[in-house]
Amino acid sequence: MPLRSNFRHFLDRFGALGSLLCAVHCAVLPMLLAAAPALGLSFWLSGEVEAVIVVFVTLLGLFSLIFGYRRHRAMQALALLVPGLLLLWAGLLHAELHHSLIPHAIVMTLGGMLVGFAHLLNLRLNQGHVHDASCVH
């Protein structure tokens with residue numbers, strides 16, 4: 001049982017860190033666009049890398065938070081995750097939004113922050129879970 005608990009904590013910490021780094025990436029992206037070619041970083045700013053990150057964040061978030069929900073049965077973390085993922089996917093797939101620099105950065109930053117906060121909340125809910133007669137698992 002401790003191994004599963006440690007894995008769950010790792011997933012939430014990893015997801016929170018990744019999502020918050022994604023939010024920072026999206027907030028700083030407009031400033032990096034001008035300097036990226038000179039620094040040889042233009043590959044990391046491509047749409048393909050962004051798509052891979054959004055898919056990874058989605059899979060990790062859904063796996064981790066649904067796994068956590070099965071343990072603590074609280075919807076708060078999922079209530080942050082779903083709008084965060086919707087914002088990330090809207091910023092990626094909505095062409096008009098995707099090609100507008102500042103609105104894209106705002107939407108992706110907010111989405112990444114919501115996903116990161118969802119992981120942190122899930123971690124907190126998992127730590128506060130007490131095994132008693134009302135446990136479902």
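The model is predicted, with local features requiring pLDDT of at least 70 and side-chain atom pairs counting only at pLDDT 80 or more, while totals for chains, interfaces and linings use all residues. Residues are numbered from 1 along each chain as its sequence is written, and side-chain values use heavy atoms, with hydrogens and water left out.

**The whole chain**

Colour the chain by secondary structure. Next, display the surface. The accessible surface comes to about 8000 Å², and carbon and sulfur atoms hold 75% of that area, computed by the Shrake-Rupley method with a 1.4 Å probe. Of the contacts with a separation of 6 or more, 74% join residues 24 or more positions apart; contact means heavy atoms within 4.5 Å.

**Helices α2 and α5**

Select residues 47–72 for helix α2 and residues 101–127 for helix α5: their axes come within 10 Å and cross at roughly 25°. The two helices are therefore roughly parallel, a class for angles under 35 degrees, with over 145 counted as roughly antiparallel, 65 to 115 as roughly perpendicular and the rest as oblique. Axes here are lines fitted to C-alpha atoms, for helices over the stretch in contact, and angles run from 0 to 180 degrees between N-to-C directions. The crossing of α2 and α5 is left-handed, that is, the near helix is turned anticlockwise from the far one by less than a right angle.

Now show the side chains of this contact. On the α2 side, the residues include Val54, Val57, Leu60 and Gly61, and among their partners in α5 are Met108, Val115 and Ala118. The residues of the contact of α2 with α5 divide into nine nonpolar, eight polar and two charged. In this scheme Ala, Val, Leu, Ile, Met, Phe, Trp, Tyr, Cys and Pro count as nonpolar, Asp, Glu, Lys and Arg as charged, and the others, Gly among them, as polar.

Centre the view on Ser64, which lies in helix α2. Is Ser64 buried or exposed? Ser64 has a relative accessible area of 1% and is therefore buried. Setting aside residues up to four places away in sequence, Ser64 touches Leu11, Asp12, His119 and Asn122.

**The loop between α2 and α3**

Move on to Arg73, in the loop between α2 and α3. Its phi is near 55°, a positive value in a residue other than glycine. Most residues other than glycine have a negative phi. Arg73 counts as partly exposed because its relative accessibility is 42%.

Ala74 is found in the loop between α2 and α3, and with 13% relative accessibility it counts as buried. Which residues does Ala74 touch, not counting those up to four places away in sequence? They are Tyr69 and Leu125. Draw a distance from Ala74 to Asn126: their C-alpha atoms are separated by 9.6 Å, although the residues are 52 apart along the chain.

**Helices α3 and α5**

Finally, select residues 76–93 for helix α3 together with α5. Their axes come within 7 Å and cross at roughly 155°, so α3 is roughly antiparallel to α5. This crossing is left-handed. The residues of the contact of α3 with α5 divide into 17 nonpolar, seven polar and no charged.

Key
Helix = DSSP H or I, 4+ residues; strand = E, 2+ residues; numbered from the N terminus. Buried < 20%, exposed > 50% of the residue type's maximum accessible area, 1.4 Å probe, protein only.
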